[in-house]
Amino acid sequence: MSTVTLKNVTKVFGDSVVAVDNVSLEVEDGEFMILVGPSGCGKSTTLRIIAGLETATGGDIYIGGRLVNDVLPKDRDIAMVFQNYALYPHMTAYANMAFGLKLRGVQKKEIDERVKEAAEILNIGELLDRKPRELSGGQSQRVAVGRAIVRKPKVFLFDEPLSNLDLKLRVQMRAEFSKIHNKLGATMIYVTHDQTEAMTMGDRIAVMREGGIRQLADPGALYQSPANRFVAQFIGIPPMNMIDGVIAEEGGALLFKGDSCRVTVPDGKGDLLRPFLEKKVTMGVRPEDVSVSEGKGMAEAVVDVVQPLGPQKFLYLKMGDCEYTARVPVETKARVNDTVAIVFDMEKVHFFDDATDRAIV
Ligand SMILES: Nc1ncnc2c1ncn2[C@@H]1O[C@H](COP(=O)(O)OP(=O)(O)OP(=O)(O)O)[C@@H](O)[C@H]1O
Ligand SMILES: [Mg+2]
């Protein structure tokens, strides 16, 4: 069993820097868990607490069901891979991978087997005699991962392992990480600030902000049912359009009256929105749920920028002072400065309570 459990974990640096704020998290055996969030939100600190490189100010950490608060990093049965690889420059890839095992007194034959097995998984068999300066960034990162794999740890911890690589290699390595995870079936906790990386690799994703987890869900649920305004805007590129307004009633029907649009709330959302009558709410619309037409729509907008992107186009639209993004089919004719009618797919829009930032429906 290689579960990882955090119970009410807090880390305060100095007198007042709350880096991790009462985080509780259960990572299942064999799960690929992602911690994602903006810079400074406490991702690395959380990971370092699991590794034992940082002591929590409060709370409990369990690995494989065992309380490890007072267990040294080397006895926690974890392996951590950092952003900067931290390979020994004077050693070959082989020696780098073998080093930790040698220190632990593992037999030479077993070391050899484990290094070759890891090299095969990572496709670096040809590179084992090279020194780090003779390796590309992606190859170095594989060796760093190899060094973790040969340890056969209960849990792998990764702190932004791909952020030094160029975009193309990063995309390729994301797929590699998913493959490695499938092959090893190991528990992995992976830190990134990149929402695309999180969405493409994670079984589940914990979205962090200011030391706390704002939502923990699988990628689909995170995208379709964001729990609050922060998650709604952090996940998804381009971000969800956010329109300020109030809920009003006219002739028995509920309306959303926004800065530049008035729309009828669909029946299915009415019950949950009625308690917010006359209150300030924000309507969130994903770019793919905005369509444009030459006829009559819910509102009129002027096309500001057109970005063709292969099978689709992004339109940046202006309505008064508000800006919106629409993801439309590539055939859409709209040109810069055209006035277009826009339609929101009201079944798919989200509403957030301005008082709490929480999702209403
Ligand atoms: N050793 C330290 N002493 C004091 N403050 C620290 C220390 N380490 C981290 N912090 C603070 O704790 C907060 C969380 O830092 P952490 O490194 O966990 O963020 P992060 O989410 O990993 O950010 P990034 O994406 O930039 O790596 C930040 O405000 C940071 O300045
Ligand atoms: Mg970090």
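Among the structural elements, α1 contributes the most to the shell around ligand 1, with three residues. Welcome to this predicted model, in which local features need pLDDT of at least 70, side-chain atom pairs count only at pLDDT 80 or more, and totals for chains, interfaces and linings use all residues. Residues are numbered from 1 along each chain as its sequence is written, while chains are lettered from A and ligands numbered from 1 in the order in which they are written.

Let us start with the overall picture. The protein chain has nine helices and 20 strands; these are DSSP runs numbered from the N terminus, helices being H or I of at least four residues and strands E of at least two. Its C-alpha trace spans about 80 × 45 × 35 Å along the principal axes. Of the 361 residues, 36% count as buried, which requires 20 or more other C-beta atoms within 10 Å of a residue's own, with C-beta atoms placed from the backbone (12 or fewer is exposed, and in between is partly exposed).

Now to the ligand. The residues surrounding ligand 1 are F13, V17, A19, G37, S39, G40, C41, G42, K43, S44, T45 and H193; each has its C-beta atom, placed from the backbone, within 6 Å of the molecule. Both β2 (17–27) and α1 (43–51) supply at least two residues of this shell. By class, the shell holds four nonpolar, seven polar and one charged residues. Here Ala, Val, Leu, Ile, Met, Phe, Trp, Tyr, Cys and Pro count as nonpolar, Asp, Glu, Lys and Arg as charged, and the others, Gly among them, as polar.

Helix α1 is itself mostly covered, with eight of its nine residues buried. Those buried residues are K43, T45, T46, L47, R48, I49, I50 and A51. After α1 comes G52, which has a positive phi near 90 degrees.

Strand β8 is another covered element. Six of the six residues of β8 (residues 187–192) are buried, so the strand is largely enclosed by the rest of the structure. On one side lie T187, I189 and V191, and on the other M188, Y190 and T192. Strands of a sheet pair through backbone hydrogen bonds, either parallel or antiparallel. Two strands count as paired if DSSP finds at least two bridges between them.

| Strands | Sense | Bridges |
|---|---|---|
| β3 (residues 32–36) and β8 | parallel | five bridges |
| β7 (residues 155–159) and β8 | parallel | five bridges |
| β11 (residues 241–250) and β12 (residues 253–258) | antiparallel | six bridges |

Within β8, I189 is the bridge partner of M33, and Y190 stands opposite F158. In β12, A253 is the bridge partner of E250.

Finally, the domains. An automatic or database domain assignment supplies the bounds, dividing the chain into domain 1 (4–234) and domain 2 (241–353). Their centres, taken over C-alpha atoms, are 39 Å apart. Five residues from domain 1 and five residues from domain 2 make the contact, where contact means C-beta atoms, placed from the backbone, within 7 Å. On the side of domain 1 that touches domain 2 there are two nonpolar, two polar and one charged residues.

Five strands also form an open, antiparallel sheet in the order β13-β12-β11-β14-β20. β13 (262–264) and β20 (350–353) are at the edges with a single partner strand each, so one side of each has no neighbour in the sheet.

How values were computed. Contact = placed C-beta atoms within 7 Å.
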